[in-house]
Amino acid sequence: MNKDRLFLDLHVIQTVPPSNINRDDTGSPKTAQYGGVSRARVSSQSWKKAMRDYFLKNSAQEKIGIRTKEVVDFIKEKILDIDETIFTEEAEKLAIEVIKKVGIPLKDKTKQTKAMFFIGNVQAEKLANAIINGEKDEKKLKEIIKESPAIDIALFGRMVADDPSLNEDASSQVSHAISTHAIQTEFDFFTAVDDRSPDDNAGAGMLGTIEYNSSTLYRYANVAIHELLHQLKDKESTINTLKLFIKAFTNSMPTGKVNSFANQTLPQLLLLEIREDRPVNLVNAFENPVKSKEGYVSESIKRLFEAERKVNTFAEAPIRSYYVIANDENIDTFSLKQNNMKELLDNVDGDLSKLLSEVGE
């Protein structure tokens with residue numbers, strides 16, 4: 001049977017010690033009301049930025065996108081790299097010309113775009129080559145922007161309000177992470193001592209407070225594998241991108257106040273499922289908040305696997321399901337336990353190779 005739809009679901013349970021990973025406009029850790037109680041929350045945008053940083057450090061740079069208002073300078077640099085005989089001023093004029101022809105609006109009397117624009121290295125290089133070679137056709141130049149999307153543009157999408165034709169639909173979704181239990185925000189009162197204060201001055205040089213909380217988070221993301229294959233147009237690139245997405249989602253950490261709290265944790269559980277019908281978020285496992293005086297991890301893991309079984313009342317059973325666990329838990333599940341991330345990724349590689357050969361393009 002031809003598989004026209006395939007979805008990758010990722011579920012993570014992860015504890016975070018005192019921290020302020022993602023704060024609001026007042027400096028307070030972000031929260032959400034769920035199940036009648038206040039939960040710790042880390043926005044999807046915050047974690048996607050951490051994932052993009054992971055991509056940049058762990059993937060070939062030419063496959064990664066740049067989100068910036070300085071698109072003129074970015075393309076100008078590409079022009080100068082391609083043709084060293086072109087003067088800087090001329091390269092800048094060519095960069096402005098190609099950006100205007102593509103339809104990316106610039107601010108009046110500046111070189112900046114009106115809004116940040118997401119562009120891949122390969123796309124920027126092709127645009128630079130095209131304008132150097134005298135390409136003036138706006139349709140052909142726009143096609144360059146749409147072709148060969150960087151993997152993070154394909155995964156997370158691109159929106160251009162002034163020209164929707166440049167939009168790129170995201171093949172992935174990342175949920176806001178929330179705690180599996182109720183939380184209360186706490187305050188850290190700190191003082192800083194002036195190293196050169198006189199001996200008779202016992203006061204502090206500075207006083208202040210930082211808000212924080214501690215939590216066990218449920219994190220979820222999915223990828224429409226068939227859409228990613230359509231965007232990248234290559235089975236091997238799609239599989240490698242999915243494996244990088246899995247590693248990035250598992251190993252990344254937003255950097256908010258990280259120097260103050262050193263909250264560098266890793267998940268206690270990763271549950272990975274491949275589905276044919278639709279993606280499924282299992283956050284309903286925690287609508288009734290976990291209550292415990294002996295930690296939240298074990299009960300959260302137990303609740304997640306209970307929800308995994310129950311969801312098949314409505315959804316089709318996943319065609320593949322694996323998990324990696326750091327805790328010594330007695331798990332009742334149909335998922336296959338993996339000894340480590342390497343074993344899981346090897347199995348995902350093999351399964352996706354078979355499944356993608358059946359996906360209609």
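Which residues in H1 meet which residues in H8? In this predicted model, Trp47, Met51, Tyr54, Phe55 and Asn58 of H1 meet Leu244, Phe245, Lys247, Ala248, Phe249 and Asn251 of H8. By class, the contact of H1 with H8 comprises eight nonpolar, two polar and one charged residues.

The geometry of this helix pair can be described as follows. The axes of helix H1, residues 44–58, and helix H8, residues 235–251, come within 9 Å and cross at roughly 125°. H1 is therefore oblique to H8. The crossing in which H1 passes H8 is right-handed.

| Core | Residues in the core | Members named |
|---|---|---|
| Largest nonpolar core | 48 residues | Leu8, Phe245, Ile246, Leu272 and Leu344, which touch the most other members |
| Second, separate core | 26 residues | Ile86, Ala91, Ala130 and Val160 among them |

Phe245, one of the H8 residues that meet H1, is also among the members of the largest core that touch the most others. H8 gives the most to this core, with seven residues.

Leucine 272 belongs to the largest core as well. Leaving aside neighbours within four places in sequence, leucine 272 is in contact with Leu8, Asp9, Leu10, Ile246, Arg320, Ser321, Tyr322, Leu344 and Val348.

A further site lies in a loop. Aspartate 163 is found between helix H6 (151–156) and strand E6 (172–174). Aspartate 163 counts as buried because its relative accessibility is 11%, under the 20% cut-off. Not counting residues up to four places away in sequence, aspartate 163 touches Val102, Gly103 and Lys142.

Methods
Residues numbered from 1 in each chain as written. Predicted model: local features only at pLDDT ≥ 70, side-chain atom pairs only at ≥ 80, totals over all residues. Heavy atoms only, no water. Axes fitted to C-alpha atoms, helices over the stretch in contact; angles between N-to-C directions. Helix = DSSP H or I, 4+ residues; strand = E, 2+ residues; numbered from the N terminus. Parallel < 35°, antiparallel > 145°, perpendicular 65-115°, else oblique. Left-handed = near helix turned anticlockwise from the far one by under 90°. Contact = heavy atoms within 4.5 Å. Nonpolar A, V, L, I, M, F, W, Y, C, P; charged D, E, K, R; others polar. Core = buried A, V, L, I, M, F, W, Y, C linked by side-chain atoms within 4.5 Å. Buried < 20%, exposed > 50% of the residue type's maximum accessible area, 1.4 Å probe, protein only.
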